[in-house]
Amino acid sequence: MVSTNPTSAAPTADTILDPALDDLGVRFGDGGGTLRVWSRDADSVELVTFDEGDLDWRTASVPLERQARGVWQVDSELLHPGARYAVRATGPQTGGHAFNPGTLLIEPYSRGLVSGGFGDWRSVAVRSDFDWGGVQKPAIPLDRTVLYEGHVKGLSKRHPGVPTALHGTYAGLAHPAMIEHFLSLGITTIELLPIHVFASEPRLLQLGLSNYWGYNTLNFFTPHPDYATEAARREGPEAVLREVKGMVKLLHEAGLEVVLDVVYNHTAEEGLGGPRTSLRGLDNRGYYRQTADGSYIDVTGCGNALDTSTDAAARLVLDSLRYWANDVQIDGFRFDLAATLGRDAEHTFTPDHPLLRAIVDDPALAGVKKIAEPWDVGMGGWQTGNFGEGWSEWNDRYRDRVRNFWLSDVDYARRASTAPVGIGGLAHRLAGSAQTFSETRGPLASVNFVTAHDGFTLRDLVSYDVKHNLGNGEQGRDGADTNRSFNHGTEGATSDARILATRRKAMRNLLGTLLLSAGVPMITAGDEFGRTQRGNNNAYCHDSPLTWLSWQHEPWQRDLFAHVQRLLQVRRENPALRPSRFAREDAPTPSASVMHWFDENGHTMSDERWTNPAHRTLQYVAASTPEVEDFNRILLIVHGNETPVDVTLPTIDGVSGYVSLWSSAEDAPSPDEPVFAPGDIVPTGPTSMRLFRAI
């Protein structure tokens, strides 16, 4: 492929961090401020200021002067806190450039934005002062982290305990009623869908829809104003930013972390011919991946891809992360389509890309959680397991294997009288996916998930065989076709008590597997009480009760919530379920779990039992190797066939009994903890799990 940037050397950590690229954006000083903007190929760059009450009234235009390494700078008394401004640039009109001196552009490092109408934006100079009152980040260790992925608006929009004025807002997310839910459930870390300011695509607006999820970023530094309370929006961008920080502060006071889903792989400027709001008009050639003739190389499926093989684009990402991690005290980031960020000048992914390493090595980001969605849609885009040390990754192999085992394999077995595969693949995932992640990275490199914002909810996963996306306006063409789901006998809603009971058990099995596996678990908000989107597996364009969480729950939903509470409790209390390292056969490994595997007869698993689809019953024993916690050992029974089985508990040196902690076969978790002896026979129902602590 043709290099995007043939005239510049490939970036390195040193060139990305070159002091010449420091302090981009607005910095306040005595009597005004300084604006620094990067544009390698511009002939001139200009600051334009506007009246605060009338965004169409231009009050001044001031030229910027060229500095080293493509930076332009101006010092001006016009740049005071609250100033409304834009930049515009002139330059070449050919060779992949898109300069237009008549276009008013969002300054890329803007801390605030205001809108004068559709597609018409002004940057706002914003102070970042905030009284944190001594509140510190919770710094939850990765092995104790439980991610809870949710949407700022959707979480609190319908919560009856949140005041109406706070519904769907940053402040509403941190209301005591929401915090009580998070803490009672037992999660540690809230992972928010994008809150960088974003725009809805014109195509959606023409259909009467909107971009609800927010994966269409306008600017990497500004919080989305529509999630702020009406009072904060009226007051302006500085008040919106204060509300975001206030949310983070209150959640931190409660011991909860905040992770942001960040979309640095592309922007809302779409493909060529799309909106020219910021980077395209400032230096199209320097910010976006292109061929030599200026055609975009779109590895994101969104029209453009940020070219992190240029120092300025890589530095833009790094500076944005620094800002959110330090000024806003965010605890971590989930990087959407992270493979795009690791593509070099030839558009090939490399795990040692200078930006990926800089994100891990930067002292300003020390202690911040870094989670990659390890793929994009370009050539060589699937990179699960290939990111370097310091990264955790969404583990799609885990998702697929767990769904297959409990859903599509069971569906297959009903039609063919036997499942297609044995239990070995699931065992690998339970134990931390060592075949996917290296020994040096360990099981905590795996972010385990069964559902996410993208795809079926947990309830829909057990209720629908196919997607039902007609409401998205694309004649059902959008959304994944391969869901590994199973409706258990009828599509969608039903009054059949047998089917409903089987679906509820399937949800418990999926959640039990997720929360009892080695790795970092991620729960999708609403799955803890069986939320449905009526079979829509791509609800990105619905800002409605379809996607907002309902807080009115039937008894079975409260029972499911209690199961998740219990599972998270036993995960906290049993370090054998939370290893930080993979165990080694040749030497004891601190903070690992030594694993042994038995069949339903209490015998060591044979090779034939691992692969035989007729024998999908496993006893999994994990014993911790203490480093900071007391010794602990658990036994997990997994039974993946729809016929009951008698399980003989294994006889193990040092084990005198097994305390029953949890069972997926129960409609509601039992408070009783009966004790069984080695050799006891435990009747185990169809497709179910049971957890014990060994004593």
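**View A. Helix H11 and the largest pocket of the predicted model.** Helix H11, residues 396-416, gives the lining of the largest pocket three residues, the largest share. The structure shown here, as in the views that follow, is a predicted model. Helix H5 (202-206) also supplies at least two residues of this lining. The pocket holds about 1,200 Å³ of space. Its lining comprises 39 residues, and those nearest the centre are Trp-213, Thr-300, Asp-454, Gly-479 and Asn-538. By class, the lining has 14 charged, 13 polar and 12 nonpolar residues.

**View B. The second largest pocket.** The volume of the second largest pocket is about 620 Å³. Its lining is made up of 37 residues, with Phe-198, Ala-199, Ser-200, His-224 and Asp-226 nearest the centre. At least two lining residues come from each of strand S8, helix H5 and helix H6 (230-235). H5 also supplies at least two residues to the lining of the largest pocket. The lining of the second largest pocket contains 15 nonpolar and 15 polar residues, along with seven charged ones.

**View C. The hairpin of strands S8 and S9.** S8 covers residues 112-117 and S9 covers residues 120-124; the two strands are antiparallel and pair over five bridges. Ser-115 is found opposite Trp-121 of S9. Two residues separate the strands of this hairpin, and Gly-119 in the turn has a positive phi of about 75 degrees. S8 also supplies at least two residues to the lining of the second largest pocket.

**View D. The largest cavity.** Across the whole structure, a search finds five cavities of 30 Å³ or more. The largest cavity contains about 170 Å³ of space. It is lined by 19 residues, of which His-151, His-453, Thr-524, Arg-531 and Gln-533 are the closest to the centre. Strand S10 (147-150) and helix H2 (152-156) each contribute at least two residues to the lining. Nine of the lining residues are polar, eight are nonpolar and two are charged.

**View E. The second largest cavity.** This cavity has a volume of about 90 Å³. Its lining includes the run Thr-217, Leu-218, Asn-219 and Phe-220, and also Thr-267, Ala-268 and Glu-269. Thr-277, Ser-278 and Leu-279 line the cavity too, as do Pro-108 and Leu-316. The classes are six nonpolar, five polar and one charged.

View F. H14 is formed by residues 497-516, 20 residues in total. From its first C-alpha to its last the helix reaches 28 Å, close to the 28 Å expected at 1.5 Å a residue. Of its 20 residues, 15 are buried, so the helix is largely enclosed by the rest of the structure. At the start of H14, the backbone nitrogen of Arg-498 has a side-chain oxygen of Asp-496 within 2.9 Å.

**View G. Gln-329 in the loop between H9 and S13.** The loop that holds Gln-329 lies between helix H9 (311-327) and strand S13 (332-335). The relative accessibility of Gln-329 is 17%, so the residue counts as buried, the cut-off being under 20%. A polar atom of the Gln-329 side chain lies 3.0 Å from the backbone oxygen of Asn-326.

Technical notes: Residues are numbered from 1 along each chain as its sequence is written. This is a predicted model: local features need pLDDT of at least 70, side-chain atom pairs count only at pLDDT 80 or more; totals for chains, interfaces and linings use all residues. Side-chain values use heavy atoms; hydrogens and water are left out. Two strands pair if DSSP finds at least two bridges between them. Helices (H or I, at least four residues) and strands (E, at least two) are DSSP runs, numbered from the N terminus. On a 1 Å grid over the protein atoms alone, a cavity is a set of points where a 1.4 Å probe fits but cannot get out, and a pocket is an open set with protein on both sides within 12 Å along at least five of seven lines; lining residues have an atom within 4 Å of a point. Grid points are joined across faces, edges and corners, and a volume is the space filled by probe spheres set on the points. Ala, Val, Leu, Ile, Met, Phe, Trp, Tyr, Cys and Pro count as nonpolar, Asp, Glu, Lys and Arg as charged, and the others, Gly among them, as polar. The expected span of a helix is 1.5 Å times one less than its number of residues. Buried means under 20% relative accessible area, exposed over 50%, partly exposed in between (1.4 Å probe, protein chains only). A polar contact is a pair of N or O atoms within 3.5 Å; within protein, one must be able to donate a hydrogen and the other to accept it, and residues adjacent in sequence count only if both atoms are side-chain atoms.
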